[in-house]
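Please read it with the coordinates open.

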Amino acid sequence: MEIVPVPAFTDNYLWLIHDDLSGETAVVDPGDASAVLAEAGKRGWSITQIWNTHWHPDHTGGNIAIKVATGAKISGPAGENIPGRDTALKEGDEIRLGGHVGRVIEVPGHTLGHIALIFHEDGVAFVGDTLFAMGCGRLFEGTPKQMYRSLQRLAELPEDMNLYCAHEYTLSNARFALHAEPDNRSIAERLSRVEQLRGQGIITVPTTIAQELETNPFLRATNEDEFARLRKDKDSFRS
Ligand SMILES: [Zn+2]
């Protein structure tokens, strides 16, 4: 599968996924229809599927316009209100793009019905606003306990799995990470790499489980209380 970021709003990435063999194209979390349709059109791809990780408008706002324009089928979490949804996804369900098979896992915390899509054979996971490079999503609906468990489930994925998250938050996350773990050399080194990349406007996503296990304080937290403290600190942290 070929995976292309479509930047939208200030810091969202909408992910276009194309399978050459079947000619199918999916888009993950299309908050903005026009940006997605323009990029797909430029590449000669026609969108056949829309996959949502959660209901937030910056992830679903383009659903209906893309469906009207392309006839794409919409799959999204069963537990949330998803515009135009055709298929309700829950834990263990399968999604397919041509011959590529993904599994749904439920990762509540950022929202209560949030899901992630895991393509084990491709080594690719779409994690929405649950895990970010060096950070994690805010707890808008769920509890720290739920989010901690959700992150721990992601941490159990193979270390070389590529994680596609929905925002470019890496620089501010890296600054907080160093504040949380001032003696962690891997974090300090990654912060300087990220500063360089962002200085040149270069994307820092996807990340990998291996990188996150070394440099993401939220994934490295050893219990719920530690996680809850970190999340609370981050909410008021100004880098
Ligand atoms: Zn969100």
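Met 134 is buried, its relative accessible area being 0%, where buried denotes under 20% relative accessible area, exposed over 50%, and partly exposed in between, computed with a 1.4 Å probe on protein chains only. Met 134 sits in the loop between β11 and β12, and although Met 134 is not a glycine, its phi is positive at about 65°. Helices (H or I, at least four residues) and strands (E, at least two) are DSSP runs numbered from the N terminus.

The model is a predicted one, in which local features need pLDDT of at least 70 and side-chain atom pairs count only at pLDDT 80 or more, while totals for chains, interfaces and linings use all residues. Residues are numbered from 1 along each chain as its sequence is written, and side-chain values use heavy atoms, with hydrogens and water left out.

Asp 29 is another residue other than glycine with a positive phi, in this case near 55°. Asp 29 belongs to the loop between β3 (24-28) and α1 (33-43), and at 2% relative accessibility it counts as buried. A further backbone feature is the cis peptide bond that joins Val 205 and Pro 206, with omega about 10°; Pro 206 is placed in the loop between α6 and β14 (207-208).

**Zinc site**

The zinc ion has as its protein donors His 54 (NE2), His 56 (ND1), His 110 (NE2) and Asp 129 (OD), at 2.2 to 2.3 Å from the ion. Donors are N, O and S atoms within 2.8 Å of the metal (3.2 Å for Na, K and Ca), and since water is not among the atoms, sites may look incomplete. Along the sequence the donor residues follow the spacing H-x1-H-x53-H-x18-D. Distant parts of the chain are linked by the pair of His 54, in the loop between β4 (49-51) and α2 (57-60), and Asp 129, in the loop between β10 (124-128) and β11 (131-132), which are 75 residues apart. Both His 54 and Asp 129 are buried.

Why is the arrangement of the 4 donor atoms around the zinc ion irregular? The angles that these 4 donor atoms subtend run from 91 to 171°, which makes the arrangement irregular. Four donors count as tetrahedral if all angles lie between 85 and 135 degrees; four count as square planar and six as octahedral if opposite donors are over 155 degrees apart and all others between 65 and 115; anything else is irregular.

**Nonpolar cores**

In soluble globular proteins, nonpolar side chains tend to be buried together. A nonpolar core is here a set of buried Ala, Val, Leu, Ile, Met, Phe, Trp, Tyr and Cys residues joined through side-chain atoms within 4.5 Å. The largest such core has 44 residues, of which Trp 51, Leu 117, Phe 126, Leu 151 and Leu 154 touch the most other members. A second, separate core of 16 residues includes Ala 8, Val 36, Ile 47 and Ile 66.

With neighbours within four places in sequence left aside, Leu 117 is in contact (heavy atoms within 4.5 Å) with residues including Trp 51, Leu 89, Ile 95 and Phe 126. Met 161, in the loop between α4 (144-155) and β13, is buried with a relative accessible area of 1%. Beyond residues up to four places away in sequence, Met 161 touches, among others, Ile 118, Phe 119, Val 124 and Ile 209. Glu 189, by contrast, is found in helix α6 (residues 185-199) and is partly exposed, at a relative accessible area of 40%.

Some C-alpha separations are listed here.

| Pair | Residues apart along the chain | C-alpha separation |
|---|---|---|
| Glu 189 and Gln 49 | 140 residues | 39 Å |
| Met 161 and His 56 | 105 residues | 25 Å |
| Glu 24 and Pro 5 | 19 residues | 17 Å |

**Pocket and cavity**

On a 1 Å grid over the protein atoms alone, a cavity is a set of points where a 1.4 Å probe fits but cannot get out, and a pocket is an open set with protein on both sides within 12 Å along at least five of seven lines; lining residues have an atom within 4 Å of a point. Grid points are joined across faces, edges and corners, and a volume is the space filled by probe spheres set on the points.

The largest pocket holds about 300 Å³ of space, and among its 20 lining residues Phe 132, Arg 138, Tyr 169, Arg 231 and Lys 234 are the closest to its centre. A search of the whole structure finds 1 cavity of 30 Å³ or more, and the residues lining the largest cavity include Tyr 13, Asp 29, Phe 126 and Cys 165.
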